[in-house]
Amino acid sequence: MDAPNPLLAEWRTRFGLPPFSAIEPNYYRHAFDVALREHEAEIAAIADNPAPPTFENTIDALELAGQTLTRVGGVFWNLAGTDSTADLRAIERDISPILARHFATISLNWGLFARVAAVYESRQLLTLSDEQARLLELTYKSFLRSGAQLSGADREHCVEMAEQLASLEMQFAQNVLADEENYVMALEEADLAGLSEAAKAAAAQTAKDKNISARFALTLSRSSVEPFLSYGQRRDLREELFDAWIARGAHDGETDNRRIVSEILELRRRRAQMLGYRTFADYKLEPTMAGAPSAALNLLDKVWAPARSRADEECAALQKVADAEGANFRIKAPDWRYYAEKLRLREYDLDQSALAAFFQLENMIAAAFYCAERLFGLRFVPRLDLPAYHPDVRVFEVLDRHGRHLALFMGDYYARTGKRSGAWMSNFRGQRKLGGEMRPIVVNVMNFSKPSPGSAALLSLSEVTTLFHEFGHALHGMLSDVVYPSMSGTATPTDFVELPSQLYEHWALHPEVLQKFARHHETGAPIPAEMIERVTAARHFNQGFATVEYCASAYVDFLLHSRPAAPQDVAGAEKEILRDIRMPEEIVMRHRSPHFSHIFAGDGYAAGYYSYLWSEALDADGFAAFEEAGDIFDSAVARRLHDYVYSAGNQRDPNEAYRLFRGRKPEFDALLRKKGLARAPA
């Protein structure tokens, strides 16, 4: 490569931001190659160090190794998710198995593990901080869980399986993206009857972006699908769109994920059993708050029965609405959202499309910032002078209560071609103190419909909640205040990592916040108090449906990963699980296996989708601490929340972290009360 590679050069930009404008796709592979060789040399130096193993020359050294690889990967994986191209997808397919082999080989390095084990075995003789002691334990157990004690051919098999899984998971993700990008429903204005003007404008913008001759278009982005399923008056088109939405990844041909899912499940099962676990679920839940499959399954069972009962009641109510309109059919899955909105309007006088007029994106961002200021003393300063990776991305400098730089925050809010569906938080740089203070660069990615020029971006209530959810994750990353990079920010078990995000949702629709920030996008008038009352009264509306579609996905994830043998026919296994739990036929699981990216585009949430429910139990109990204090911004409660949750990373056991925040163990009955599923006292 003739020109210097900007990914490998020192970034002399303000705050050490990546030089986005200078980075071209052809730089990535070279940068990865250099960074991998550098990391290999660093690992070899640690493993071959002739000096006796110490915490500093082994554990500290491991934490500091691989910084170039982390920096290159931080840029590449973020942009591959937000602005994918054919070139980036080719690099993803190429580099994923290479990285998997690289890290698996490190975990199986005999010399390296011997040094880690020597430090661990002498831990009682060392003077370690609590954070160091936990890091040592986590590092040692991570090597064990990665196969460090395997021998013979099993060691190479373990590496090969890691490679194969990385390739399959990457192909799964790319297939889902391809199905989403390739689908366009071309429509005319009459087809949009029932939709709000904002939704119609978004459909018009989509048609322009897709460069099609029709005036309007829909894609398989949730922000495109949900409004049409909720308000589109043509049942045939609702069915067509819904069927395409739930069939992502399940088409014959190049993007068929059904075989891939089966292969992933088999490889995960084999690897877990090679490491001494009965199933992959046993392996995955060992280091979590739940601790064992039985605890997670018990929570799902506790919620499932009342949720299914409530969903049956809801379905009967929707059928009455349809019958009253002269519908000569039984409610089916594509009908649910449409008739639910009619029922919501009838029972609570709430029209979601009219309500959206009070939820302008700009104001909701300001509301999220305001809550962070009240809780944690943060201030968000727009930095138009700082470069971003896309023109739609906004950059803010985050200052602490003393005016000191804390982090950079990027908001990437609009859907576009090449962006993975869904919403997430990530970072271009994590926080650490080891080797010098490093403050994070955090990004929130959404897929809201981009308004036409001159129009306001209006959000549904669920989109407002999503914005606050992801911003809760962002705060978890930005407030991180730990020494070691592997323990910073969101590097916690999955059933704890959703606590900061789901807890933050409680402020989104609280009357105190709505009164200040929910203003009509045209008149600026505040949302009427009686409308806030109706929003509050309707908070449990359709909760049976929402809980059932989520829990069904969690059951399928959990039970597919709990089998001693992987199913060859994943669709059949999925149907069997749903039949066994008595899934209502009028509801479809939120994520069917062929597009269930949480668990098959990587293993972060594999056998762990239950984590959202576990964390929801924590957040329901946790927010009650503010309610008991009589102030949703109570400073003493907020300080404990900051110290033991948002800033603490993984420096202590999550169960202990929660106890320190709340003063006791969580009360899981708060979950049923939050969802409105608790039985009334006799």
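Strand β7, which spans residues 441–448, has eight of its eight residues buried, so the strand is largely enclosed by the rest of the structure. The model is a predicted one, and within it β7 belongs to an open sheet of five strands, ordered β3-β4-β5-β7-β6, in which the pairing is mixed. A search of the whole structure also finds three cavities of 30 Å³ or more, whereas a search for disulfides finds zero.

**Strand β7 and its two faces**

- In a regular strand the side chains alternate between the two faces of the sheet.
- In β7, the residues I441, V443, V445 and N447 point one way, while V442, N444, M446 and F448 point the other way, and all of them are buried.
- With a cut-off of under 20% relative accessible area for a buried residue, eight of the eight residues of β7 qualify, which is why the strand is described as largely enclosed by the rest of the structure.

**Pairing within the sheet**

- Strands of a sheet pair through backbone hydrogen bonds, either parallel or antiparallel.
- Strand β5, made of residues 405–414, runs parallel to β7 and is joined to it by six bridges; in this pairing Y414 stands opposite F448 of β7.
- Strand β6, residues 424–429, pairs with β7 in the antiparallel sense over five bridges, and here R429 is the residue that stands opposite I441 of β7.
- Strand β4, residues 394–399, pairs with β5 in the antiparallel sense over six bridges, with F396 placed opposite F409 of β5.
- In the strand order β3-β4-β5-β7-β6 of this open, mixed sheet, β3 (379–382) and β6 stand at the edges with a single partner strand each, so one side of each is left without a neighbour in the sheet.
- From one strand to the next, the twist of the sheet averages 30°.

**The largest cavity**

- The largest cavity holds about 130 Å³ of space, and of the 16 residues that line it, those closest to its centre are F242, W245, I246, V588 and M589.
- Two helices, α10 (235–246) and α21 (543–560), each supply at least two residues of this lining, and α10 gives the most, with three residues.
- Sorted by class, the lining of the largest cavity has eight nonpolar residues, one polar residue and seven charged residues.

**The second largest cavity**

- About 60 Å³ of space lies in the second largest cavity, whose lining is formed by L265, R268, R269, T279, F280, L560, H561, R563, A565 and A566.
- Helix α11, which covers residues 258–274, gives the most to the lining of the second largest cavity, with three residues.
- By class, the lining of the second largest cavity consists of five nonpolar, two polar and three charged residues.

**Cysteines without disulfides**

- The search of the whole structure for disulfides finds zero.
- Among the cysteines, C158 is buried at a relative accessible area of 1%, and C371 is likewise buried, with a relative accessible area of 0%.

**Positive phi at two asparagines**

- Most residues other than glycine have a negative phi, and most peptide bonds are trans.
- N211 has a positive phi of about 55° although it is not a glycine; N211 lies in the loop between α8 (197–210) and β2 (216–218), and with a relative accessible area of 70% N211 is exposed.
- N542, another residue other than glycine, has a positive phi near 65°; N542 is placed in the loop between α20 (529–537) and α21, and at 15% relative accessibility N542 counts as buried.

**A114 in helix α5**

- A114 has its place in helix α5, residues 110–121, and with a relative accessible area of 47% A114 is partly exposed.
- The C-alpha atom of A114 is separated by 8.4 Å from that of A47, a residue 67 residues apart from A114 along the chain.

Conventions. Residues are numbered from 1 along each chain as its sequence is written. This is a predicted model: local features need pLDDT of at least 70, side-chain atom pairs count only at pLDDT 80 or more; totals for chains, interfaces and linings use all residues. Side-chain values use heavy atoms; hydrogens and water are left out. On a 1 Å grid over the protein atoms alone, a cavity is a set of points where a 1.4 Å probe fits but cannot get out, and a pocket is an open set with protein on both sides within 12 Å along at least five of seven lines; lining residues have an atom within 4 Å of a point. Grid points are joined across faces, edges and corners, and a volume is the space filled by probe spheres set on the points. Helices (H or I, at least four residues) and strands (E, at least two) are DSSP runs, numbered from the N terminus. Ala, Val, Leu, Ile, Met, Phe, Trp, Tyr, Cys and Pro count as nonpolar, Asp, Glu, Lys and Arg as charged, and the others, Gly among them, as polar. Buried means under 20% relative accessible area, exposed over 50%, partly exposed in between (1.4 Å probe, protein chains only). Two strands pair if DSSP finds at least two bridges between them. A disulfide is a pair of cysteine sulfur atoms within 2.5 Å. Axes are lines fitted to C-alpha atoms, for helices over the stretch in contact, and angles run from 0 to 180 degrees between N-to-C directions.
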